[in-house]
Amino acid sequence: MPQVPQTFDALAVRTWCGLALEALGRAREEIDAINVYPVADGDTGTNLYLTLESATAAVEAVFAGHEVGGREAGGGDEAGGCRPTLADAVRAMAHGALIGARGNSGTILAQLLRGMAQVLAADSETAHTDGPGLRLALRQAADSARQAVAHPVEGTVLTVASAAADAANGAEGDCGTVARAAYEGARAALAATPGQLAVLERAGVVDAGGRGLVAVLAALVETFTGEAPRMRLGSPEVHARVVAVVTEVDIVGAGIGGVHPDVCEDGAPEEGGPAFEVIYLLEAEDAAVDRLRGRLDLLGNSLVVVGGDGLWNVHVHVDDAGAAVEAGVEAGRPYRIRITHFGLGDVHTGGPGRPPRERAQRAVVAVVPGEGLAGLYAEAGATTVLARPGEPPASGELVEAVRRAHAREVVLLPNDAELRHTAAAAAEQARADGVRVALIPTRSAVQGIAALAVHEPERRFDEDVVAMTSAAGATRYAEVVVAERQSWTMAGICQAGDVLGLIDGDVAVIGSDITTTAESVLDRMLSAGGEMVTLVLGDEAPDAIAAHLESRVRESYLAVDTVVYRGGRQGALLLIGVE
């Protein structure tokens with residue numbers, strides 16, 4: 001048997017993360033299949049895996065950093081002299097989970113890990129902790145996760161986490177003994193979840209989030225004992241029902257046990273629910289987050305806000321995605337915003353007779369540069385990926401968005417010429433997953449708006465793609481930005497601080513005043529004709545610029561309409577589209 005750690009140190013954290021990630025990878029499809037609460041969207045296993053993957057990557061990065069630093073300093077030894085401390089490792093784990101948390105279950109898992117880190121990193125100089133320390137960490141994890149959920153429901157992962165902490169509290173011994181007690185307590189609580197939540201009992205399954213947590217705790221046992229406990233779901237009857245559900249979903253993909261769990265936050269049935277899932281990271285003060293919780297609680301349900309020390313992860317289900325994002329803007333600086341429109345087959349938008357896991361026929365996935373546009377696109381039915389200034393999304397993020405869209409056919413709008421190769425790679429991956437994908441090479445968000453405006457899911461896929469491509473191609477695009485450095489451009493030499501007007505990707509105007517430059521750009525675009533002007537204002541655009549440009553169009557160009565949107569922190573001061 002390989003040597004295993006007797007205490008909880010940095011290496012044990014690394015080992016645990018690796019084993020837990022492997023366990024969730026093996027169980028991902030099973031957990032997805034039994035996901036009926038709070039939303040029957042079949043992604044709990046995937047969300048848990050992606051969240052822990054981010055946590056694991058953060059821990060590995062800390063170890064890599066210490067190894068490099070040790071080599072440069074000529075230090076380090078076989079005993080691990082250049083290893084990170086326990087505090088370093090658990091803080092990295094918690095931070096990685098926080099910034100990578102996906103969905104309701106992933107957000108709660110992130111808070112569980114953060115709660116553990118609060119105890120294990122309390123003394124930055126401590127190299128390891130023992131059984132009593134692990135007991136305290138598990139207790140803090142369960143309590144902090146429960147506090148993060150606006151309306152805790154029994155029969156969920158919160159119940160399983162509390163049972164694990166309770167069982168661990170009664171265990172005397174080393175970390176292995178405590179971990180095994182926590183695992184057994186969690187496993188027993190998981191088996192009991194169908195009796196606590198009616199939707200689980202009707203489906204004949206255990207809670208999916210709780211199932212994921214049991215897998216993570218099994219990995220903790222293996223970390224300290226070298227042996228993975230045999231995963232049991234309780235009684236043979238419960239196990240048989242879960243296996244039957246997984247088999248049925250794999251074969252027919254048409255729902256879970258024939259039940260349609262329209263449920264609300266307290267577990268009681270309801271006729272429908274919010275249409276959007278909104279998730280974002282938020283930089284904000286504690287007082288602002290307290291106000292945000294209250295506002296979001298009024299807007300929707302499944303509210304979970306986790307984090308602290310100025311960085312938070314916000315998750316909520318709402319009908320008004322824009323309002324949820326705006327609430328974040330008022331509280332602080334939201335970023336990495338992900339908005340998912342629950343498809344026609346989802347419990348949120350269907351009545352009690354609709355299969356909960358049926359795929360939508362068609363969806364649009366779009367990359368957008370600002371929070372305001374993310375809300376606009378989402379309200380139009382698109383699944384969005386936020387492109388942060390200087391941080392373009394990777395192909396994996398686009399693939400994940402296609403999967404979140406949960407549709408048989410997907411239209412992909414990259415909305416950036418620099419993303420064409422990334423989007424093409426994502427499209428190929430999605431096709432390999434069995435999704436029919438059409439990539440429309442939109443080069444700006446205003447072209448994407450034009451394409452989305454003519455999108456009609458009811459017509460044939462090819463016809464819809466042709467119409468959307470035609471609308472995007474007929475839209476000229478421009479942006480007004482501030483030069484960051486001296487540079488040669490098509491319009492001459494610009495200096496840092498100059499206002500640049502780019503038309504179809506090339507600098508066409510160099511000026512000193514934002515409004516004047518924008519007006520010059522608009523005149524050049526309309527000189528070739530146009531019927532519709534779209535203006536998307538960034539946060540730093542002058543307050544009066546929209547009214548000035550609208551007046552300019554109205555007075556100088558007959559029969560040309562203007563529409564104005566707020567884009568939020570989109571990088572450019574102003575985006576302009578002319579159709």
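Leaving aside neighbours within four places in sequence, Thr475 is in contact with Val446, Gln447, Ala450, Gly577, Val578 and Glu579. Contact means heavy atoms within 4.5 Å. The model is predicted: local features need pLDDT of at least 70, side-chain atom pairs count only at pLDDT 80 or more, and totals for chains, interfaces and linings use all residues. Residues are numbered from 1 along each chain as its sequence is written, and side-chain values use heavy atoms, with hydrogens and water left out.

Thr475 sits in the loop between helix H17 (461-473) and strand S11 (476-482). Helices (H or I, at least four residues) and strands (E, at least two) are DSSP runs, numbered from the N terminus. Thr475 counts as buried because its relative accessibility is 3%. Buried means under 20% relative accessible area, exposed over 50%, and partly exposed in between (1.4 Å probe, protein chains only). The Thr475 side chain reaches the backbone oxygen of Ala471 at 2.9 Å.

Strand S11 belongs to an open sheet of six strands, in the order S15-S14-S11-S18-S16-S17, with mixed pairing. Its edge strands are S15 (506-511) and S17 (561-568), each pairing on one side only. On average, neighbouring strands of this sheet are turned by 20° against each other, direction ignored. Two strands pair if DSSP finds at least two bridges between them. In S18, Leu574 stands opposite Leu537.

Helix H13 (residues 371-379) lies across S16, S17 and S18. This helix runs at about 120° to S17. Axes are lines fitted to C-alpha atoms, for helices over the stretch in contact, and angles run from 0 to 180 degrees between N-to-C directions.

H13 also links two other strands: the chain passes from strand S7 (residues 360-368) to S8, which run parallel, and the β-α-β crossover from S7 through H13 to S8 is right-handed. Right-handed means that, with the strands pointing away from the viewer, the path from the first strand over the helix to the second runs clockwise.

| Strands | Sense | Bridges |
|---|---|---|
| S16 (residues 532-538) and S18 (residues 574-578) | antiparallel | five bridges |
| S6 (residues 333-341) and S8 | antiparallel | two bridges |
| S7 (residues 360-368) and S8 | parallel | four bridges |

From strand S8 (residues 383-386), Thr383 and Val385 point one way, and Thr384 and Leu386 the other; all are buried. Val385 is the bridge partner of Arg338, while Thr383 is that of Val365.

Overall, the protein has 19 helices and 18 strands. Buried residues make up 56% of its 579 residues.

How values were computed. Polar contact = N/O pair within 3.5 Å; in protein donor to acceptor, adjacent residues only side chain to side chain.
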